[in-house]
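I opened the coordinates today and kept notes as I went. The entries below follow the order in which I looked things up.

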Amino acid sequence: MIEIVNIKKSFGDKQVLAGISGRFEDSHNSLIIGASGTGKSVLLKCIVGLITPDEGDVFFDGRSLYNSSAREVKKIRREMGMLFQGGALFDSKTVAENVRFPLDMLQNEMALSEKNDRVLHSLERVGLENAAQKMPSEISGGMKKRVGIARAIVMNPKYLFCDEPNSGLDPMTAIRIDELISEITDDYKMTTVVVTHDMNSVMGIGEYVMFLYNGLKEWEGDSQSILHAESKALREFVFASKIMEKLIHKE
Amino acid sequence: MNFIENWGKYFLFLYNMVRNKEPLRVYPPLIIDEMVKIGTNSLVIVAIVSSFIGAVTAIQTADNLVSPLVPLSVIGTICRDMNLLELAPTFTCVVLAGKVGSNLAGEIGSMRITEQIDAIDVMGINSTSFLILPKMVAACIMIPVLCILSAFLGLMGGYLVALLGDVMTPNDYVNGLRNGFRVFNVYFALIKSVVFAFLIASIASYKGYYTYGGALEIGQASTKAVTNAVIGILVADLVLAQVLI
């Protein structure tokens, strides 16, 4: 379980996060949603430690990310996998080398054959076993995201973080990526946190949804109750999509 | 204030690079890879620049020493000292600041923009140590080697002028090279080149590492990396000359 406590972050005079707390349960897909510029990605980067918050802390199964020794923080980080918006694949490495990278760096005692088996298994899991020898420049955006997922899960992490996994993808591929994240969360019993502004994702995989507005947590709940939420900002966000409007009228 | 902040950030960047290093087994292949990129890939430009500058130095020195009272071998002596003390270490490193510095800043900057550095950090790997340290070590090994090569080719350029031109004989030139040779000048050139290599690699990496934005900012970071590295080289050149000579 991941618990965030009173996270605050400002950049210059602009306060992006004004004290956000919440809890992301094990084996659940938790979504952080909100309009562009509401601090979703900043919150995610505070959770994984890429941005240090001005105040607050993040606890991974009770272990503090910001008040622990460097060794403990390193240990926590090695239990994380993260999918970045653009995939963040290393341009100079093949798909297989990209996926094997965490193993090469962090699993000194593991035999090369075992590493290769793990890489193949991860690539099979995302349906890319045939692209192992391709370079990142030779594959599509959707494939890059799948390679990013394969790299994130190759170390069998306890926590998976996805920063806008659907951005820039066609609807079919976006749904496939959502399904993949959901399946992997169930299979590996991971705590998954996804940042998105895609309502298809919210309705498709959102078991717990946190809505950010003006740097604060405006609403939290599950994807079904989101349609009946009373928050004006949330309703505007949800029903900005015409499909969602039709869906609620149908109901 | 911004100036002081930048210095502070630069020194913290260097400190982070040596703190929490990755296991030593990780570095040798990375260092060799960087040595090829920094050293081998710069051979042609260094060879061309050094030979031509060496030849031009010989011609211009000869032109300024037209006097029956000055022996022609003095041209060789002047060329030797100019090459060893200034042209090989400083001029070559200014050229390398443009070639290697912009390359390093561009490479690291684009890794930053495309979140590759974030990906490394999230894995619990020290990105400064993993990415920058091998580049610094490789630069500090290969740039002095390039400077030695540059000095040799510069002197060979002068020799070709003596051989093909009519300003002096090759014998005069070689006698001049041997006349009053101080081994310390070679050490001095090597010390300078190591310091300059450190400046080129660290300043360029620093500028690349703290690039934020997009393609435009990567270009700006490369430009700043080159200009700052060149200024750093010139200031260090003055300080080293004052301290060591």
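I count two residues as in contact if their C-beta atoms, placed from the backbone, lie within 7 Å. With that cut-off I looked at contacts in chain B between residues at least 6 apart in sequence, and 86% of them join residues at least 24 apart. I note that this is a predicted model.

**Entry: chain B overall.** I listed the secondary structure of chain B and found nine helices and zero strands. Read along the sequence, the pattern is α-α-α-α-α-α-α-α-α. I fitted a box along the principal axes, and the C-alpha atoms of chain B fill roughly 70 × 40 × 35 Å. Of the 245 residues in chain B, 44% count as buried.

**Entry: where the chains meet.** How many residues of chain B are in contact with chain A? I get 14 residues of chain B against 16 residues of chain A. I sorted the chain B side by class: six residues are nonpolar, four are polar and four are charged.

**Entry: the core.** I looked up the largest nonpolar core, and it has 133 residues. Those with the most contacts inside it are A:Leu43, A:Ile47, A:Phe161, B:Ala139 and B:Ile200. Which helix gives the most to this core? Helix H4 (residues 73-113) of chain B does, with 16 residues. On the chain A side, the core draws at least three residues from each of domain 1 (2-79 + 158-250) and domain 2 (90-156). As background, nonpolar side chains in soluble globular proteins tend to be buried together.

I then followed A:Ile47. Leaving out residues up to four places away in sequence, A:Ile47 touches A:Ile2, A:Ile4, A:Val58, A:Phe161 and A:Val193.

Entry: I traced an open sheet of six strands with mixed pairing, in the order S6-S7-S8-S3-S9-S10. Strand S7 (residues 159-163) and strand S8 (residues 191-196) of chain A run parallel and are joined by five bridges. Helix H5 (residues 141-153) of chain A lies across S6 and S7, running at about 175° to S6(A).

**Entry: the two domains of chain A.** I checked the domain assignment: domain 1 is 2-79 + 158-250 and domain 2 is 90-156. Their C-alpha centres lie 25 Å apart. I find 10 residues of domain 1 in contact with 11 residues of domain 2. Helix H6 (residues 171-188) of chain A supplies the largest share of the domain 1 side, five residues. That side divides into seven nonpolar, two polar and one charged.

Entry: Most residues other than glycine have a negative phi. I looked up two exceptions. A:Asn6 has a positive phi of about 50° and is found in strand S1 (residues 2-11) of chain A. Is A:Asn6 buried or partly exposed? A:Asn6 counts as partly exposed because it has 13 C-beta neighbours inside 10 Å. B:Glu115 has a positive phi of about 65°. This residue lies in the loop between H4 and helix H5 (116-122) of chain B. B:Glu115 is buried, with 21 other C-beta atoms within 10 Å.

Key:
Residues numbered from 1 in each chain as written. Chains lettered and ligands numbered in written order. Predicted model: local features only at pLDDT ≥ 70, side-chain atom pairs only at ≥ 80, totals over all residues. Nonpolar A, V, L, I, M, F, W, Y, C, P; charged D, E, K, R; others polar. Core = buried A, V, L, I, M, F, W, Y, C linked by C-beta atoms within 7 Å. Buried ≥ 20, exposed ≤ 12 C-beta atoms within 10 Å, placed from the backbone. Helix = DSSP H or I, 4+ residues; strand = E, 2+ residues; numbered from the N terminus. Domains from an automatic or database assignment. Pairing = 2+ DSSP bridges. Axes fitted to C-alpha atoms, helices over the stretch in contact; angles between N-to-C directions.
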